[in-house]
Amino acid sequence: MTTSSNPYRLARHVIPSSYRIFLTPDLESATFAGRVEIDVVVTQSTSQVTLHALDLVVGAATLSSQSVTYRSSEPTYNEQYNTATFAFDEEIPEGEATLEIAFTGVLNDLLVGFYRSTFIDAEGQNHVIATTQFEHSDARRAFPCWDEPSFKATWQINLTVPTHLAAYSNSPETSSTDLGNGWRTVTFSPTMIMSSYLVAFVVGPFEETAPVEVDGVAMRVIYPRGKGHLAAMAEEAGAFALHFFSEYFDIPYPGDKLDQVAIPDFSFGAMENLGLVTYRESALLIDPETSSLLERQRVAEVICHETAHMWFGDLVTMEWWEGIWLNEAFATFMATLCADSYKPEWKMWVDFGIDRDAALQIDGLHSTRPIEYEVISPDDTRGMFDILTYQKGGSVLRMLEQYLGETVFRDGIRRYLKKHAYGNTVTTDLWDSLEEASGQPVREMMNTWILQGGHPLVTLSEGHLTQQPFAYGEATSESAIGSQWLVPVLTRSLQGGSTERNLLGAQPIEITTASPVVVNAGGSGVYRTRYGHDELVSLSTHIEELEELERATLVADSWAGLLAGHITWEAFLTTARGLGQQNEPNPWGTVASAVALAHRALEGTQHDTLVAQVKELFAPQFTRLGWDAQPGEGELTPQLRANLISTLGVIANDEAIQAEAVRRFETNELDGDLARSILRVVAHQNRPGDYEIFLERYRSATTPQDELRYLYAISDFPDLKIARDIIKRCFEEFRVQDAPMILGLLTANSAVGTDVWRMLADRWDEALASFPPSLMVRLTVGIPTFIKDPTLADAVEVFHHTHTLGGDQRTVEQYLERMRVGLAFAAALREQF
Ligand SMILES: [Zn+2]
C-alpha cells in the first residue's frame, strides 16, 4: 500500500517543521490545558488542514500566512483515524505559515498519552506524577500534531507547573519564570528534528543525581523523591552505554543531555524518548547488594537498549510502523553487545541464547509471522511489539553480524546511520549499507529471514548439510512457516582449525572438515540443528569440549526435537546427562523447563518415575554446589543453584530442601539470587499464614525488585482460595502495570491455573475495562500450559476466538497452537512412561 492510499496516514500538502507547545497540567484534578504553535510549509494551496488529535477538546485554529490570519471553523473529528480537520473559508496559499490551536485534555490512567502515575513515599504520603508515553501513536492524546514517524520536526516545550514540583523534557531547561501564584513556567530548548512519538515530559516530586559528564554530555538519573540510594548502578551502566555507543557508531550522541527517569506506573520496560528516557522503576532503580544477577542484568540490558535507540530509532527513524521491527531488533541486539562489553563475566551472549530459544519456540508454530509485514493501522503496529520482533529479530541480526564479521558489520551500521541521520528509512536501506561494507548478498539473504515466518532445521548427515522447514506439528490450516532460507551456517571441527562459513540454500553442501563437526559453531545461528547417526555418535562423547553457547543450543534443539516428536524422552535425557558437572545455568534451565512440562503431562505413578529421573540428574549437582556460594565459583553459578532448588523442592518434593527454604524464609535470609526459588518452594508447601506474609513483604518492600519478587511469587500457591483473593486484588489493589502479568502467571499455576482461566473468562469484560488494551494479552500467557485436557482446550480455543484482542490476537493464536503442541507432546510422553 502506498502512503497516499493508506487512510490512516495524513496527507502531505501541509508539512510541520517546528512546534512550540505550552501545557499546564493540573495534577490534582487530573486535567491539562494547552496551546500549540506549529510552523508549517503549505506545499499545495488548500482550505483544509487535517492532523491527529485524540481524546482532546480542540478549539478553532488560526493560521497566519504571509501576514494574513485565517480562522477555521470548529474542527470535525474522525474517530477511526483519530484526526481533527480544520476548514478555512479561503484557500491558504503555498509557502510558510504558522498554525495555532488551543485545547484541553484529561490526564488518563491508561499509561499512554499524557497520563497520571502515583506513588506513596517512605513517610506514607501519596504523590501524583504527570508523565508521557507516546509510542507508538499517542502523542495525539497530549496535543494536536502530525503523529507519524515520518513527519519529523523540532519541538520546543513549555510547562506551567506548581513551583514545588520538578519538570523535565527532552532537552535542557533554558528558563524558569515564577508566576507569583504558586506556579512557574519552565521553558526547554528546541530539540533536534525528530518524530512525535519521541517527545516526552514529566512533572512531579522528583529528585535527581548530580550530572555525570560523558564525552561532553550531561547524564542524570531522575527518580521519585526518596529513592536516590537505588540509582548508582543506573548511573554507572548509563555512562558506560553512552560512551560505548558514541564509539561504536562513530557519531556523537545526538541530543543535548541524557536523563534516565524512573516512573512508578509504566506499561512496558522503558521508552527511548530522546534525552528523557523513561523506565519502569524495576528496570532502572536497583540495590546491587540485595538484587539477583538476573535483575542486575535486566537493568543493564534495558539501559543499553534505550541508549542504542538514541541513534538507531531517534536519529534515524523508520518511515512507517512496519519498520519498527528493525528498530527494536537492532536495539535488542545492541543491548546485548553493550552489556556484554560492560560485564564480560556475565556472558550475555549465552544468556541471549535463552531469549532466542524462546522466540524459536513461537516461530516453530504455523501461526508465527514474518518479522516484517505490512502495517496499515496503528492497531496493526501493536502486534509487532512481540518476541518475534525483539528476540527473533535481534537473533537474526546477531547471526548476520557473526557471518559478515563484527568489524564489517559495524562499518555497515556506521555507513547507514551517517547516510540517513535525521531522516527516515525503510529496512532495505540497512541491507544496502551492509552490502556496500561487506560485498555480500545481504539483501537476498535477509529477505528470506525477514519476509517469511519460521526457521529451518539444518541437518548434517553423511557429510552433507541440508535444510528443511522446522515445525512442531502438522499444519491444520494455512501455515506462515516459509519453505527455504539462505542460511549462514558456521561449522567447525573439534579437532581444531578455523570456523567455516557456508551459505546454505537449496543445494546440499559437502562438509569435509575432520569429525566431530559442530554445526552452528559459536551458537549464533537462528535455526535448529539435527545430526545424522554417525555425526551424533562422533559428537556425543565430546559434549564437554563445546563452547558454552554451543552446548546450550544443543540441549535447546534437543528439547525442541522432543516437543516436535522427532526424538524420545530417553534421547533427550541422554543429552541432558551429557551436561555432567558443567555449572551453566542456560542448558540446565532448558532441562528444568522440560521436566516441569513433563510433570504436567504425566499421570499417577508416572510421576514417580519422572521424580526419580529428576533426582538422578539434579541431586548430584546440588550436593556439589550446596546452599551457599563457594569462593571463586563466579557470578553465574548461583543461577544454577536457584534452578536446582526450585526443581528439587517443587517437582521432586525434596524434604530437606523444603525445610531449609522455609527456615530461610522465616528468618528472612533471602539472598538475591536464591530468593525467587526459595519463595517458590515455600509457596508450593502452602503453609497457613505464608500467603499473608508474602503480601505483607510485598507492601513493605524497599526496592522495586523485592516488591516484584513477592508479587510474582504469590501466584505460586497451589490454593484456589488464595487464587480467588489474588484475582480480587488484581482488580482492586495492585498496580495496573503489574496486575495483568500476575493474572497470567496465576493461569500457569499447575494446581489452580485452569480454574483461574475460567474465572477470568467470566470477568473478561471487567478486565477489558480495568486494564490498558496493550496489557490484556498478558492474561493469556498461561494457555500453553493447558496440555492435559482436550475438552478444556476446545473451550479455551472457542472463548479466545470469540474474545479477540486486536493487534495482539496473533500472540493469543500462537499460545493456542502451542497448547495443541503441548497436548500432543503430553499424549506421546504418557506412552513412553
Ligand atoms: Zn526498544
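Buried means under 20% relative accessible area, exposed over 50%, and partly exposed in between, with a 1.4 Å probe and protein chains only. Keep those cut-offs at hand for the whole tour.

This is a predicted model: local features need pLDDT of at least 70, side-chain atom pairs count only at pLDDT 80 or more, and totals for chains, interfaces and linings use all residues. Residues are numbered from 1 along each chain as its sequence is written, and side-chain values use heavy atoms, with hydrogens and water left out.

**Stop 1: an exposed loop**

Select Thr 476. With a relative accessible area of 82%, Thr 476 is exposed. Its loop runs between β26 (464-469) and β27 (487-493). Helices (H or I, at least four residues) and strands (E, at least two) are DSSP runs, numbered from the N terminus. Thr 476 and Val 186 are 290 residues apart in sequence, and their C-alpha atoms are 60 Å apart in space.

**Stop 2: the zinc ion**

Select the zinc ion. Which protein atoms are its donors? They are His 305 (NE2), His 309 (NE2) and Glu 328 (OE), at 2.0 to 2.1 Å from the zinc ion. Donors here are N, O and S atoms within 2.8 Å of the metal (3.2 Å for Na, K and Ca); water is not among the atoms, so sites may look incomplete. Read along the sequence, the spacing of the donor residues is H-x3-H-x18-E.

Colour helix α2 (residues 293-309) next. Both His 305 and His 309 lie in α2, 4 residues apart, about one turn of the helix. Are these two histidines buried or exposed? His 305 is buried, at 11% relative accessible area. His 309 is buried too, at 0%.

Stay on α2. The end C-alpha atoms of its 17 residues are 24 Å apart, which agrees with the 24 Å that they should span at 1.5 Å a residue. The expected span of a helix is 1.5 Å times one less than its number of residues. Most of α2 is covered, with 15 of its 17 residues buried.

**Stop 3: helix α6**

Select residues 387-404. This is helix α6, with 18 residues. From first C-alpha to last, α6 reaches 24 Å, close to the 26 Å expected at 1.5 Å a residue. α6 is mostly covered: 15 of its 18 residues are buried.

Zoom in on the start of α6. A side-chain oxygen of Asp 386 comes to within 3.1 Å of the backbone nitrogen of Leu 388. Then move past the other end. Gly 405 follows α6, and its phi is positive, near 105 degrees.

**Stop 4: a buried aspartate**

Select Asp 738. Find it in the loop between α20 (720-732) and α21 (739-747). Asp 738 is buried, with a relative accessible area of 1%. What does Asp 738 touch, leaving out residues up to four places away in sequence? Its contacts (heavy atoms within 4.5 Å) are Arg 280, Leu 708 and Leu 711. For a distance check, pick Asp 380. Its C-alpha is separated by 24 Å from that of Asp 738, 358 residues apart along the chain.

**Stop 5: two domains**

Colour domain 1 (1-204) and domain 2 (714-833). Their bounds come from an automatic or database domain assignment. The centres of domain 1 and domain 2, taken over C-alpha atoms, are separated by 39 Å. Domain 1 gives 4 residues to the contact, and domain 2 gives 5 residues.

About 300 Å² is buried between domain 1 and domain 2, with carbon and sulfur atoms giving 61% of that area. Buried area is the accessible area (1.4 Å probe) that two parts lose on being put together, summed over both.

**Stop 6**

Start with two cis peptide bonds. From Glu 135 to His 136 the bond is cis, with omega near 5 degrees. His 136 sits in the loop between β11 (126-133) and β12 (154-162). From Ser 515 to Pro 516 the bond is cis, with omega near 0 degrees. Pro 516 is in the loop between β29 (509-510) and β30 (517-519).

End with positive phi. Ala 30 is not a glycine, yet its phi is positive, about 55 degrees. Ala 30 lies in the loop between β1 (14-26) and β2 (31-42) and counts as buried at 7% relative accessibility. Ser 67 is not a glycine either, and its positive phi is about 55 degrees. The Ser 67 loop lies between β5 (62-65) and β6 (68-71). At 83% relative accessibility, Ser 67 counts as exposed.

Definitions and conventions
Polar contact = N/O pair within 3.5 Å; in protein donor to acceptor, adjacent residues only side chain to side chain.
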